[in-house]
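Visitor: Can you walk me through this structure? I'd like to start with the backbone.

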Amino acid sequence: MAASVQLSGIRIFQLRHQSSSSPQSKTLAPRLSSSSAYFHHVPSSPTVPQASRRRCRTVFIRSTVSGTPFVSASIAKLSDTELVFIPSVHEGIESQFPSGAGVYGVYDKEGDLQFIGISRNVAASISTHSKMVPDLCHSVKIGLVDGDNPDKTVLTDAWKSWLQEHLDISGKIPPGNQSGNNTWVQKPQSKPNLRLTRGRHVQLSVSLEELIDRLVKENEVVAFIKGSRSSPQCGFSQRVVSILESHGVNFECVDVLDEEYNFGLRDTLKKYSNWPTFPQVFVRGELVGGCDIISSMAEKGELPPLFKK
């Protein structure tokens, strides 16, 4: 019997469900002999409890190059991965979970698996879910996939392996992965970027520096980034946006790459703030810093007090 499931509300997959009368396989992939040259490593992270990193039964994620199958990554089985409590958003979820790519399963207070997802930034995804559906986000299991930028197929195979395992054991698909359920994929509408001018060729009545000064003093938190909050154009900007959102900060974004409505902003802002790089985050008119400083403050738990003043 096949079950239809969805990944992030977009792609539909078919998983095979074994009946209770059929013998249940002990693994989700063929066993590899000790003489195999296949790579075998269970990813580890200092933020994930030791029990979830122990060498144990492993799901091998296979892909193909020129028709030859090989193991490009491995991941612990869902049942062998330790359940970890999800703190509140204001406690800084991203500083307590790994930010790498992988698969994760979210459980409610009753211990029922609600959703299995994949992400290139697991911590950011868990943080987003926790804000969207806090009542369903009590604890989580995380399986990291090796590599800084693993192939999309590898990530999808890891996700499918956890879903298949859960289906084989429980006989059902997690509610959040069932076709038509958009609870876990709907995102709140993003605020648009602020623009300093009405257009590149519109003459300004005041200097650009004065416009910047007004902007940062009239808004509680302003982040000058490359791109928009929904589509940052550099990793540092993406990191800052992710941190601010995970802390529930109501902030404004300004795109320093927008040459039509923010022409000349980059050079002028560098002089105004005496800060040479982007992003730049201002709180109540004062420059806090860029990505390194914001990340460090988040790890030390210093951001919540700053935004509550």
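This is a predicted model: local features need pLDDT of at least 70, side-chain atom pairs count only at pLDDT 80 or more; totals for chains, interfaces and linings use all residues.

Visitor: Okay. Which peptide bond is cis?
Guide: The one from F278 to P279, with omega near 10°. Most peptide bonds are trans.

Visitor: Where is P279?
Guide: P279 is in the loop between α5 (265-273) and β11 (280-283). Helices (H or I, at least four residues) and strands (E, at least two) are DSSP runs, numbered from the N terminus.

Visitor: What about N274's phi?
Guide: N274 has a positive phi of about 55°, yet N274 is not a glycine. Most residues other than glycine have a negative phi. N274 is also in the loop between α5 and β11.

Visitor: Is N274 buried or exposed?
Guide: Exposed, at a relative accessible area of 68%. Buried means under 20%, exposed over 50%, partly exposed in between (1.4 Å probe, protein chains only).

Visitor: And R284, what's its phi?
Guide: Positive, about 50°, and R284 is not a glycine. R284 lies in the loop between β11 and β12 (286-289). R284 is partly exposed, at 33% relative accessible area.

Visitor: New topic. How many residues of α1 are buried?
Guide: In helix α1 (residues 122-132), 8 of 11. Among them are V122, I126 and H129.

Visitor: What do they pack against?
Guide: The buried residues of α1 pack against β6 (102-107), β7 (113-119), β8 (139-144) and α4 (235-246). Contact here means heavy atoms within 4.5 Å.

Technical notes
Residues are numbered from 1 along each chain as its sequence is written. Side-chain values use heavy atoms; hydrogens and water are left out.
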